[in-house]
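Work through the exercises below with the structure in view. Each task is followed by a solution in steps.

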Amino acid sequence: MNFFSLVLVNLLRNKRRTILTMSSVVIALFLFCSLRGVLDTLQASIKVGSESRLVTRNRISLIFPMPQSYWSRIAAVPGVKSVSVQNWFGGRDPVDPKNWYAQFGVDAATFFPIYARDVDIVAASPPQVEVPLPPGVDPKLAAFMSEQTACVVGERLFKKNRWKLGQTVTLAGTIYPGSWPFVIRAVYHAKDPAFGEETMLFHYKYLEQKGMGGQGAVGIYVLELSQPERAGDIAKSVDAMFENSSYATRTETEHAFQAGFVSMYGNVPFLIGVIGLAVVFAILLVAANTMMMAARERISEIGVMKTLGFQDGTIFAIVLAEAAIITLGGGLAGAFLAKLGLEGSAFNAGGLLPPMTVSWTTVTIGVGIAVFMGATSGLIPAWQASRLRIVDALRRVE
Amino acid sequence: MAIPISYNIRNIVQRPVTTLATGSGIAMVVMILIGAFALASGFQAALVETGSPRNAFIRRTGADSEISSGVSRDAANIIRALPEVATGPDGRPLVSTDLVVLTNLERVGQTGSSNVPIRGIDPASLTLRPQIRVDEGRMFGPGTDEVMVGKRVGRRFQNLGIGNRVKLGQREFTVVGHFVAAGSAFESEIWGDNAVLMPALDREGTFQSITFRMRDPARFAELKKQLEADPRLGVQVQTEREFYSSQSQILAGVIRAAGVFITLIMAIGAIFGAMNTMYAAVGHRTREIAVLLTLGFTPFAIWLSFLFESVLLCLIGGVLGCLLAIPINGITTSTTNWASFSEVAFAFRVTPLGMVLGLAFAAVMGVVGGFLPARQASRQSLAAALRAA
């Protein structure tokens, strides 16, 4: 009988216990990886696009707009290839306030070419009139481009609301008062999941004319660079241009801009980390308890094995290996369940998060923790078993 | 006849390590549950206590938060002249016309920034909010470039210490004091004179909200109807308390739901641990069970006894979890309230209700975890049990 068959026999001796313990390790690691996955998802949301795009906003804070006259001035800065505008709308579903999603007024002629690598248009109404399209705009957007009140919505949002192309969706404005009808003319798919598929994009012009009395104020400018390696310098020269105006700006990479949102979560990521550790600790106790119970039941048996000539070290290794197999098996299953299950179902916590990603780092850390659990939970029983004197072991009646 | 409870207690005390290990697993689950509820309660309390039920809160129709609202100076004057507005001892109406904007500030001790609300008030209107108390330093002087900062953000963001200069919009302001407001969300704001802040922040002509003390809070419903119907105003009216508690509902709900979700999953793991322990307890006591059966205890009594033991084991864990959760009480933390898009600092609030809930949850875990092992114990045949001995 070799070493591993001994371990196997021990594992199978009390199948129920092995299964229960392993399942609790699976659950613990699933939960740990899911919680860390939330943090991964927040991190991934920073990585929308690349470092090669810049975002200009009002220096005081995002809620302050900038004049539209900045548009052409920013576009004239050397190194800037094109500039688009994006304005938060903040409309509400007048029927169901819980059905919340983000809406942005964008300058479609520049916005879609800039984000061409991030989104795909998957469905669109046929155009009613022939219109020349700006260069770089997907021809499928023709119907959207020729209609002032048209909008493009994310695929997930489209399916969730069971909308149809050509349908009119009416929102109640919160920042821009009034009732706002939008006609769905196209549906986009986010090639980069971090872009999010629960957003509505519509013409900035519509917002400007109906909501701002024709006086254009802009929430943010998105800058595409022809010389991405000079991003830092370009950001500085944009900000320098408006330094002493009444609308000073702050220009940063899109990456840093998104990171600003994650930073707004404050202590929440820390709390999530703490909960993850508590979960691991709780299950560590369960696993350790099981191993101790298992070893205790076998005291006389270990005495017999020692009498037969098994070395202390071998006994130690057998007990430890048993613990390691339970936790490693459970850990691998739990971590991969989180990775494949959450990513596969594109779980997004009811729209609170972008679709979840669980990074390989998280999976690795999870499996590492499982190995650590195995080592700690098996160590004391293994040590006790190896130290056991044959006389004491055989004297026990139990 | 039931098996005496002392039998269960002795059994639990007999194996302290196992009891402690299983109990601690349960304790972690209970602690997380209580912690999540303490977080939600703390956040909610901070916002609810911000508003007084005696004050009416006015914002533009359709605006779902203070920052997206706008009320004109003309409307403010109409409201100021209403007979329903209570007057102070000096005969002035108790009305606060507030400018509320956000400014993006860098955090202390943590990279990144967040949005902190700036509230410009009429200094004479402070009597409307008696909970505001200067904790350190002094109140800002009317008409000066001075501000005071809520104590809870004062330490969390750069340049908000007393004596620091902070740039708000076009001008630099001096922080002259830190104030407290009974733990409410006002403690997460920067306050100054709106006569100075409005031009500095380029917000002349409109206020974000108007708050006034009602002469007779019982007549609120009529007042609401009257103001909302007035075409000159275009506003919606709530009591101040109602408004702030509505601002807390979404996030508090999310925290509670997440807490329950996490603890439910975690509980399954802990229940498996309890099951292991109880199965082992049943296994060890085959002989004892046989003796109990011989003495004439019914299988039902044995089932009940083991189930009770499991509940007891989990309740020990539950109590331990409550004890572990107590130190969480009062710890301040902060996050962005997405309803107002701004940072709110608040303290965890461990409530008796949360603890009772935690204990009840522990008891349920005991029942679920002990059910099958107890059934196994009660179903042993006498002959088999005695032969095993």
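**Exercise 1. Describe the make-up and overall spread of chain A.**

Step 1. Chain A contains 14 helices and 12 strands. The model is a predicted one.

Step 2. Compare the radius of gyration with the globule rule. For chain A the radius of gyration is 30 Å, while the globule rule gives 21 Å for 398 residues; the value is well over the rule, so chain A is more spread out than a compact globule.

Step 3. Look at the extent along the principal axes. The C-alpha trace of chain A spans about 95 × 45 × 35 Å.

**Exercise 2. Work out what chain B brings to its contact with chain A.**

Step 1. The contact draws 48 residues from chain B and 42 residues from chain A.

Step 2. Elements of chain B that each supply at least two residues to the side touching chain A are the helices α2 (16-48) and α7 (240-284), together with the strands β3 (95-106), β4 (113-121) and β13 (332-337).

Step 3. Of these, α7(B) gives the most, with 14 residues.

Step 4. By class, this side of chain B holds 21 nonpolar, 23 polar and 4 charged residues.

**Exercise 3. Determine how α2(B) packs against helix α10 of chain B.**

Step 1. Helix α10 of chain B runs over residues 352-379, and α2(B) packs on it at an angle of about 150°, with the axes 9 Å apart.

Step 2. Classify the angle. Angles over 145 degrees count as roughly antiparallel, so α2(B) is roughly antiparallel to α10(B).

Step 3. The crossing of α2(B) past α10(B) is right-handed.

Step 4. List the residues in contact. Those from α2(B) include B:Ile26, B:Val30, B:Leu33 and B:Phe37. Those from α10(B) include B:Gly354, B:Met355, B:Leu357 and B:Phe361.

Step 5. By class, the residues of the contact of α2(B) with α10(B) are 11 nonpolar, 3 polar and no charged.

Key: Residues numbered from 1 in each chain as written. Chains lettered and ligands numbered in written order. Predicted model: local features only at pLDDT ≥ 70, side-chain atom pairs only at ≥ 80, totals over all residues. Contact = placed C-beta atoms within 7 Å. Helix = DSSP H or I, 4+ residues; strand = E, 2+ residues; numbered from the N terminus. Nonpolar A, V, L, I, M, F, W, Y, C, P; charged D, E, K, R; others polar. Axes fitted to C-alpha atoms, helices over the stretch in contact; angles between N-to-C directions. Parallel < 35°, antiparallel > 145°, perpendicular 65-115°, else oblique. Left-handed = near helix turned anticlockwise from the far one by under 90°. Rg over C-alpha atoms; globule rule 2.2 N^0.38 Å.
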